[in-house]
Each structure stands twice: as structure tokens, then as C-alpha cells.
Amino acid sequence: MTAVAIPVGPELRIAPSVLKRPEHTIEIVSDAGEGAQKCGQIFGAVSAKMGNGVWTVEIIPAEIQPPPRTAEGASGNRIRFGTGPITNWGDETNLVVAFNEQVLLGRHRLGALASDAIVLLENSWASHTNPDIRAAWDKARSELAAQSYRIIEVPMEEQCLTIDENPRKGKNMFALGLLAYIYDRSLERIEEQIAYAFRKKSEEVYQRNLGLLRLGMEWAAANLDFRIEVPTNPPTEALVVMNGNEALGMGVLASGMEFCAMYPITPATSVSHYLAEVFSKFGGILHQGEDEIAAVGAAIGASYSGKVAFTITSGPGFALKTEFIGFAVMTEIPLVIIDVQRGGPSTGLPTKVEQSDLLAALFAEPGDAPRVVIAPATIEECFHAVITARQIAETFRTVVIILSDANLSTGVQPFPRPQLKKEWLAPELDLGPVKTGQRPYEWDARMGTSPRSIPGQPGGMFTLTGLSHDEGSKVAYGAGVHQHATAMRSRKLAVLQQTLLRPAINGDQDGDLLVVGWGSTKGAIEEGVERARAEGIRASSIHLTFLSPLQPGLKEIFSRFRKVMTVEINYSDQPGDPFITEENRRRGQLAMLLRAQTLCDVDCWTRVPGESLRPGFIHKAIRDAVLTLTGDRP
Amino acid sequence: MTHCAILPLLDDDEREFALGDYEGATARWCPGCGDHSILTAVEKLLVAEQLKPEQTVFVSGIGCSSRFPHYLKTYGFHGLHGRALPVATGVKLHRPDLDVFVVMGDGDCCSIGAAHWIHAIRYNIHMVAMLLDNSIYGLTKKQTSPTTPQGFKTNTQPFGSFLPPLNPLSTTLGTTNVSFVAQTAEWVPAHLYATLRAAYRHPGFSFVRILQRCPMYTQGMYEEAVKNPGSIELLMHDDGIVAPELDKIYKTRATHDPSDLDSARRLAEDSTRIRLGLFYRNEARARYDLLRKPPKVTSSERIALLNQELDHYAV
């Protein structure tokens with residue numbers, strides 16, 4: 001570990017005790033706008049760069065400026081970091097820095113904190129001039145006293161005021177200083193990261209932030225009796241660290257796509273924020289349409305006339321785009337749609353994670369509209385999913401939907417730096433004449449694939465239509481033509497399916513329970529399985545990247561386990577609840593799909609808590625499922 | 001591509017396009033439908049301007065008039081109801097080298113696609129947008145459209161249309177960054193053609209409302225205007241629509257300077273008579289397509305740039 005010269009005066013006291021931990025989970029929470037997220041992001045990035053496994057997630061209130069000092073208004077980050085790789089946000093937080101007691105209460109009430117958590121709490125509220133605030137402080141302290149937290153009061157505001165007249169602006173850097181001291185983070189790395197985070201601000205802002213950082217470190221060194229060591233493991237290969245939306249954005253750049261049309265929607269928009277900064281350098285246009293429909297329409301127009309284009313959205317926006325998605329399937333215009341899922345239905349939980357768009361992604365349109373649906377499971381897969389999606393869309397003249405979610409969008413994780421390849425890039429448009437006599441949909445009768453002609457190509461002129469059409473794109477209502485054309489559009493999925501790999505089994509190749517997951521839950525599921533296996537439970541898991549078409553071999557894999565159960569962040573009825581029977585029970589979305597496709601009795605354990613699934617809960621669900629199976633009811 | 005037709009081996013300059021080079025399937029509109037005359041005028045324009053069929057895209061929505069692209073032999077995009085303009089926006093932003101024409105009906109443009117219409121005016125992307133306005137939903141058989149006259153009986157408002165009709169000219173002229181607004185009528189072919197030509201030559205978003213008869217559902221709506229040319233007022237100006245063929249028949253005229261937006265709005269708002277001509281033209285308006293021109297980037301440059309991006313995120 002890089003030794004940090006802690007700038008402490010000569011009155012240095014007794015050396016603090018150093019607690020060594022294989023991993024630790026911390027949170028920084030504040031009112032919105034106080035910068036806790038920036039502090040958390042910098043801490044996460046620095047930890048990754050120093051060689052810790054890291055998973056960072058944002059704690060986001062739904063409003064931009066929720067009322068200050070409210071439990072619901074908690075805003076910030078959770079960072080779970082360890083000596084080995086970290087694949088999910090974990091269970092409970094071990095150390096919290098809270099800017100007021102109310103946001104701390106919010107986290108406490110959600111059960112986010114370990115019972116022995118260390119809490120560094122801003123204490124200016126205790127002596128606030130407003131008696132209501134002092135009363136709220138006292139009340140909160142007594143509620144918090146029910147747990148065995150170790151609460152350390154920190155005079156953050158008082159300290160910050162010594163160098164800045166607006167402590168609200170700088171508290172986050174002071175907090176970063178506290179954490180930098182406690183976890184012995186590299187000062188050089190932090191400075192680098194602060195410089196990058198505030199690259200658009202003045203040198204003065206940078207220097208003030210460094211001052212506040214040092215102040216936090218000094219205060220911690222002078223007042224804390226502990227430090228925590230989470231040994232680092234300097235990476236042996238080049239890594240990059242970013243969140244899922246940045247990874248999607250970089251995937252776009254690596255895919256060579258040049259046109260994005262979008263409409264702002266949480267939690268998808270930050271992909272566009274990233275692209276808005278850099279896309280034009282890469283020859284790209286990010287067009288903010290007048291609405292969700294216009295956005296997908298413009299993407300389709302661009303794709304029809306050139307390189308595969310894409311749109312970015314989330315559930316409510318996806319719903320609006322469905323007519324156009326069916327149109328793109330019908331007219332075989334390649335198109336990539338990124339859906340960063342949030343809680344639904346309707347406006348739902350705009351900033352919170354859910355995996356409830358799966359069936360909509362597969363079936364939202366009236367009519368038969370087969371398309372490809374893929375779900376990245378990690379930040380790294382977000383990057384690669386876009387490249388793959390572009391290639392599939394072009395090869396099969398089809399729509400490819402990427403289902404990310406709010407967990408991946410704000411989760412930050414290091415991963416091996418991609419070695420960029422030219423073949424990932426969309427080739428330059430070939431506007432040479434089309435083959436004489438080539439029809440607009442010259443379907444390969446076995447595969448359903450066909451070459452497309454693009455405006456500008458002499459000899460390829462045709463009128464594309466969403467009406468039922470024949471190979472010549474002529475409107476044709478005849479039963480035979482519609483049957484054949486529909487089969488051709490569907491056949492492409494079967495062809496793609498045959499090129500896919502069977503999912504790898506995590507754990508033993510057979511056993512009592514197989515957990516099936518998709519999307520961002522992979523890390524938590526595998527950790528839950530690992531803990532269960534450590535107890536001797538015969539559980540394994542698979543994780544599906546392709547949801548349409550489904551990967552091969554599922555039925556055979558399922559047959560090796562006594563029970564198959566999906567774990568998903570969407571709703572299912574709980575057995576035992578009033579009126580819920582085996583017959584009427586509504587199941588998780590992947591479970592429904594797998595039951596239909598494999599005729600296996602796939603059970604599900606799903607929750608919609610508005611947060612990522614905790615590995616501990618999954619572990620318990622696995623244990624309960626296996627105990628039920630063996631007749632030993634939990 | 002390895003397969004070459006003979007035609008494209010010729011120099012562009014040597015290719016000469018005749019009417020037959022633009023003609024697609026036989027039009028299936030009703031006899032007497034105004035769409036036929038509009039198709040003829042458009043074909044005439046394509047020949048006159050010698051537009052390369054492969055460089056020309058006609059985008060339409062859904063409705064009778066949106067069958068338009070099928071009857072041409074250019075690239076055609078018969079899309080979704082109300083959504084022609086977003087598609088055309090995508091085409092033109094990604095492929096500024098293409099000539100883009102948009103064909104919409106009154107339901108398409110002024111009702112289900114109204115949001116796109118307003119924003120397309122503001123984007124002011126170089127394309128010709130034709131509103132084929134027959135004041136009725138034809139394909140779905142006589143329902144009230146936004147431009148149906150008040151009191152006109154339809155299948156959805158059988159006791160007469162409740163509200164005064166939406167005025168597409170006022171709406172367009174009232175929108176920020178409007179750059180070209182004209183009105184013409186399908187039964188005045190010389191004016192129609194001259195208007196489309198002016199629209200095509202305007203560097204920006206040209207909005208042309210074409211008054212159109214529907215022989216099935218709005219018989220008689222323009223009977224007086226057709227029989228009595230004097231009831232129509234032509235807007236005249238040296239910078240306006242110039243069609244000398246009309247001099248002997250259309251004698252009711254008003255001078256209107258198309259650079260005068262206030263006058264254009266007043267004329268558009270006055271519903272006491274039908275006016276044909278150029279209401280407004282301003283070539284100096286901001287053009288979104290010109291503001292959104294990214295550089296050409298080679299594969300190697302792309303990879304180098306992305307590596308620089310990754311450097312920011314390197315551990």
C-alpha cells in the first residue's frame with residue numbers, strides 16, 4: 001500500500017489501532033446537492049486504482065432537491081471494496097459518513113447499516129439555533145441508540161468554516177479526507193481524481209477542495225482512535241473503472257455507431273450526457289428528439305439510410321416507442337435500443353432498480369414482432385453488449401434491445417481495459433449499386449436473412465412499408481405472403497440461437513437447486529450461491545445473457561437439478577399469500593418465459609424493494625428453497 | 001460491392017432522367033382524388049430538377065396521401081401514422097447528401113403528429129414538407145380531422161364538427177424559426193408546380209399546404225373555389241411564387257412581401273378567403289442540420305480517440 005504522508009502537526013498522539021478487514025462497505029450520505037456522491041465516486045475510483053475490488057452504487061432520492069434533513073432525501077453512495085473482486089453492493093454498511101442525522105435515519109430505517117456500523121456524524125445540528133432542529137437531533141439520536149452503532153460526532157461544519165465560508169459546498173471534500181485517512185488512500189490518486197472531477201472548474205476550486213481534503217485528513221488523524229486496512233491487490237492487467245452508463249456510451253463509440261436519438265429519461269439519460277460530451281469527436285450525432293416517439297423515429301430514419309443507429313430509454317419511454325419498434329421489425333431496419341430499466345409500471349420508481357421490462361422488451365408490440373434481447377450482467381458487459389448488439393442488428397436486419405438497469409447504470413466497477421478492435425466498428429457505408437435485380441427483401445429461404453439496400457445505392461430504390469409486404473416490398477395482403485414473410489422474420493432468431501453458447505454453470509454441474517438469473521443480479525446471485533455452498537447446500541447458478549432468443553441447452557441443464565428457481569428484481573406473488581394458489585400465482589418474468597419455453601416447473605424468488613438484491617437475502621432464499629425441497633421446512 | 005449495373009458506370013453528368021425514371025406503381029387513389037395531381041406535379045419537379053432517384057427519399061406517414069412513395073421510383077419510406085417528420089429528421093441528419101421530401105395528410109401532420117410538426121418547423125432541416133390537406137380522414141372513411149370545417153358532418157361528429165378548424169398556416173407561421181410557408185391547391189397545377197419548385201429550392205424546412213379535394217367524403221368543399229377562380233386571392237411578389245400561366249384566370253391578387261412575417265400572419269389568420277402563394281420565406285434562419293455536422297473520422301482515428309477516452313478511466 002502506498003504510504004501517505006499524513007500532514008499532522010508535532011502534537012501527534014498515540015497511534016490508532018488498525019483494524020484489518022478483507023472487505024468493507026461504506027456509505028456517504030447527505031442532503032441532495034451537498035456532494036456526497038462526488039465524494040463517493042472519487043473514493044470508489046481511487047480504491048479501484050489502488051488495487052481494491054470495488055462496487056459503487058448511488059443512493060438517489062427521486063427529487064432533484066428533496067427537502068433538506070429528511071430521511072427520504074438521503075443522497076450519496078455506497079462503496080463496497082475488498083482485497084479480492086467485488087461483484088455487487090453487498091448486504092450492510094460497515095461505516096457511514098452522514099452530513100445530518102435525518103439522512104442517517106433514512107439509511108438506518110432501510111436496514112442498510114450493520115448493527116456494529118461505525119458512524120461519522122456531522123454534529124453542528126446538535127447545537128443549532130433552531131430548537132426544532134435540536135429536538136429532531138435528540139429524537140434521532142435516541143432512535144439510533146436502539147442499535148449498537150458506534151457514533152462518532154464530527155464537527156464538519158465548524159472545521160470547514162475555518163477555510164471556507166460556505167461549508168455546504170466543501171463538506172464532501174472534508175468527508176473524503178476523513179475516509180482517506182481511515183482507509184489510508186493514496187493522496188496522489190485522490191488529487192488526480194479531484195482534478196478530473198472538477199476539470200471544468202477553476203484552479204481556485206481545485207485548490208480549495210484540496211485544502212478541505214487535507215483538513216479532513218488532519219482532523220481524522222488528530223481525533224480518531226482507529227484506522228481500517230483493506231489490503232490492496234495491485235492489478236496485474238490494465239483496468240478501467242466506470243459506471244454502466246459510461247460503459248454503454250463507450251461501447252457505442254467502440255461499435256462505430258454514429259447516430260443516437262434520445263429523449264431525457266431517468267436512469268438512462270446519463271449515457272447521453274456522456275455521449276453529448278464526446279460523440280461529435282467520433283463523427284457522431286446525439287439528437288435529442290421532441291419526444292420518445294420522435295427519438296426512436298429519427299433513429300430508425302438514420303438507420304434506414306446508413307449505419308445502424310440507436311436510441312436510449314427507460315420503461316415509460318420504451319412503452320411509447322413500441323409502435324416504431326414493431327415497425328422496425330416489420331421493415332427489417334436494424335436498430336439498437338438501450339433500455340436502462342427502472343421500477344414500474346408507469347412512472348414507478350424513476351431512480352430505483354427493477355427488472356420488470358423483460359416481457360415488454362420481448363412482446364410489447366401487437367402482432368408478431370420477433371427481436372433480439374440481451375442483458376449485460378456487469379459493467380464490462382455493458383461495454384461489450386453494445387458492440388454485439390450493433391453487429392447482430394446489422395447481420396440479421398433486426399432490432400436488438402439491450403436491457404440494462406439502474407443498478408448497472410450507477411454502479412462503478414473496475415474491469416479489464418478493452419483491447420479495441422477495428423472489426424467492432426461499423427464498416428463505412430458502401431453506396432455502390434445493388435446487384436441487378438436484387439429485391440428489397442431477398443430472404444434466404446432457410447435463414448430468413450436478406451441484404452438491405454440503402455438510399456444512395458443506385459438500382460436499389462424501393463418503398464419500405466410497415467404494411468405486410470413481399471420480397472419486392474410490394475404491399476401484399478395474401479395469406480401465403482404474410483405467412484412466409486412472418487416466418488422469415490422469425491427464422492432469423494432461430495439462426496442466431498444456433499450460434500449461441502450454452503450458459504456456463506456456476507458451481508457443480510448438478511445438484512438440488514439451480515438458480516437462474518439475468519442482468520445486473522449476477523454478482524449478488526453468485527455470492528449468495530457461494531455462501532450456500534459453503535454451508536454444504538447443493539446449489540448452482542446460471543446467468544442468461546440472451547433472453548431472446550434464449551441460449552441453447554436450458555432444458556437439459558434444468559434436468560440435472562431437483563429444483564430450478566429464478567431470482568429476479570420484479571414482482572411475483574408469494575406462495576401462501578391470501579388467494580394465491582399454484583394455479584393463479586403470477587410468477588417472475590424470466591420464470592414465465594422459461595416455463596413456456598422449457599415446460600419445466602421453474603419457480604421464482606423475486607422482490608421489488610427498489611434496491612439491488614442483497615446477496616444475504618438470496619443466500620437465505622436458496623437455503624429456504626433447498627430446505628423445503630428436502631422436506632425440512634424452514 | 002462487386003455487382004455493377006451498367007447505368008451507374010456512367011458518369012453522373014451523363015445520366016439524364018425522364019419521367020419514366022421516377023414512375024413507380026400505378027396510383028390507386030380514387031378517381032378525382034387530388035393526390036393524382038400532386039403526384040404529377042412532383043414527378044414534373046423531379047424531372048425538371050433532374051434529381052437522382054437513388055439520392056431522393058420520400059417519407060410519408062399513414063393515410064390516403066401517404067401511399068405517395070409507392071407511386072414513385074425513388075427511395076420511399078411509408079412509415080407510421082403521424083411520424084413521417086421524425087423519420088425524415090433522422091434520414092437528413094445522418095445523410096445530408098440525400099434530398100428528402102415528406103408527404104403528410106391533415107390527420108398525420110396536424111393531429112397525431114402535431115408535436116413533430118411544430119418541432120420540425122423549429123429544427124428547420126433542409127427538406128420539403130407537403131401537407132396534403134383534404135380536411136377529412138379518408139382512408140378510415142370520413143372522420144373529423146383537425147382541419148374539417150366547423151359544422152361539417154362526419155362519421156365521428158355526425159351532427160357537425162364541433163370546433164373551428166385548426167389553421168395550419170397560422171400554426172406554422174407562429175412557430176419559432178419558421179423559414180418557408182406556402183399554400184397552393186391541387187386544382188391549380190401551374191401554381192402547385194411553381195410552389196413545389198420554390199419549396200425545393202429553399203435551403204431549409206419548406207412547409208407547403210396543398211388544399212385538396214376528396215371526391216368521396218368532402219364533395220363540394222372547394223366547388224366554389226374551383227368554379228370561380230376569382231374567389232381565390234393569389235399572393236404576388238417578385239420573390240414569391242411566380243406562375244405567369246395563371247395571369248388570365250386568377251385575377252384576384254394581393255401584393256405580399258414574403259419577408260414580412262407580420263403581414264404573413266395577418267393574411268394567414270384571415271379566413272374570409274382562400275389565398276394561394278408564398279406567405280413567408282427567410283433563408284437566414286438557423287438550420288439544425290448545418291449545426292449538427294460532425295467530422296468524418298477514420299477507423300484508426302476512432303480507435304485512437306477511444307483509447308484516449310479510456311485513459312481517463314484507467315486504473
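**Close-up views of a two-chain predicted model**

In chain A, the C-alpha centres of domain 1 and domain 3 lie 57 Å apart. The domain bounds come from an automatic or database domain assignment, which gives chain A domain 1 (17-236), domain 2 (241-424), domain 3 (432-499) and domain 4 (511-629). This is a predicted model, in which local features need pLDDT of at least 70 and side-chain atom pairs count only at pLDDT 80 or more, while totals for chains, interfaces and linings use all residues. Residues are numbered from 1 along each chain as its sequence is written, and chains are lettered from A and ligands numbered from 1 in the order in which they are written.

**View 1. Where chain A touches chain B.** The contact takes 62 residues from chain A and 53 residues from chain B; two residues are in contact if their C-beta atoms, placed from the backbone, lie within 7 Å. Among the elements that give two or more residues to the chain A side are helix 1 (36-50), helix 8 (244-255), helix 10 (292-304) and strand 17 (463-465). Here helices (H or I, at least four residues) and strands (E, at least two) are DSSP runs, numbered from the N terminus. Which helix of chain A gives the largest share of this side? Helix 10 of chain A does, with 9 residues. By class, the side of chain A that touches chain B has 34 nonpolar, 19 polar and 9 charged residues. In this count, Ala, Val, Leu, Ile, Met, Phe, Trp, Tyr, Cys and Pro are nonpolar, Asp, Glu, Lys and Arg are charged, and the others, Gly among them, are polar.

**View 2. Helix 10 of chain A against helix 2 of chain B.** Helix 10 of chain A packs with helix 2 (residues 84-94) of chain B at an angle of about 45 degrees, and their axes are 6 Å apart. Axes are lines fitted to C-alpha atoms, for helices over the stretch in contact, and angles run from 0 to 180 degrees between N-to-C directions. The angle makes helix 10 of chain A oblique to helix 2 of chain B: angles under 35 degrees count as roughly parallel, over 145 as roughly antiparallel, 65 to 115 as roughly perpendicular and the rest as oblique. The crossing of these two helices is right-handed; a crossing is left-handed if the near helix is turned anticlockwise from the far one by less than a right angle, and right-handed if clockwise. Residues that make the contact include Gly297(A), Gly301(A) and Tyr304(A) from helix 10 of chain A, and Pro86(B), Gly90(B) and His94(B) from helix 2 of chain B. By class, this contact has 12 nonpolar, 5 polar and no charged residues.

View 3. An open sheet of 10 strands has the order 17(A)-2(B)-1(B)-3(B)-4(B)-6(B)-5(B)-9(B)-7(B)-8(B), with mixed pairing; two strands pair if DSSP finds at least two bridges between them. Its edge strands are strand 17 of chain A and strand 8 (253-255) of chain B, each pairing on one side only. Strand 17 of chain A runs parallel to strand 2 (residues 75-78) of chain B, joined by 3 bridges. Look for Leu464(A), which stands opposite Phe77(B) in strand 2 of chain B.

**View 4. A pair of helices within chain A.** Helix 2 (residues 101-109) and helix 3 (residues 131-144) of chain A pack at an angle of about 30 degrees, with their axes 10 Å apart. Helix 2 and helix 3 of chain A are therefore roughly parallel to each other. Helix 2 of chain A passes helix 3 of chain A in a left-handed crossing. Their contact includes Leu105(A) and His108(A) of helix 2 of chain A, and Trp137(A) and Leu144(A) of helix 3 of chain A.

**View 5. A sheet of chain A.** Four strands of chain A form an open sheet in the order 19-18-21-22, with parallel pairing. Strand 19 (539-544) and strand 22 (602-606) are its edge strands. Strand 21 (residues 561-568) pairs with strand 22 of chain A over 5 bridges, and Glu568(A) has Thr606(A) in strand 22 as its bridge partner.

View 6. Most residues other than glycine have a negative phi, and most peptide bonds are trans. A cis peptide bond joins Gly344(A) and Pro345(A), with omega about 5 degrees. Ser346(A) has a positive phi, near 55 degrees, and lies in the loop between strand 13 and helix 12 of chain A.
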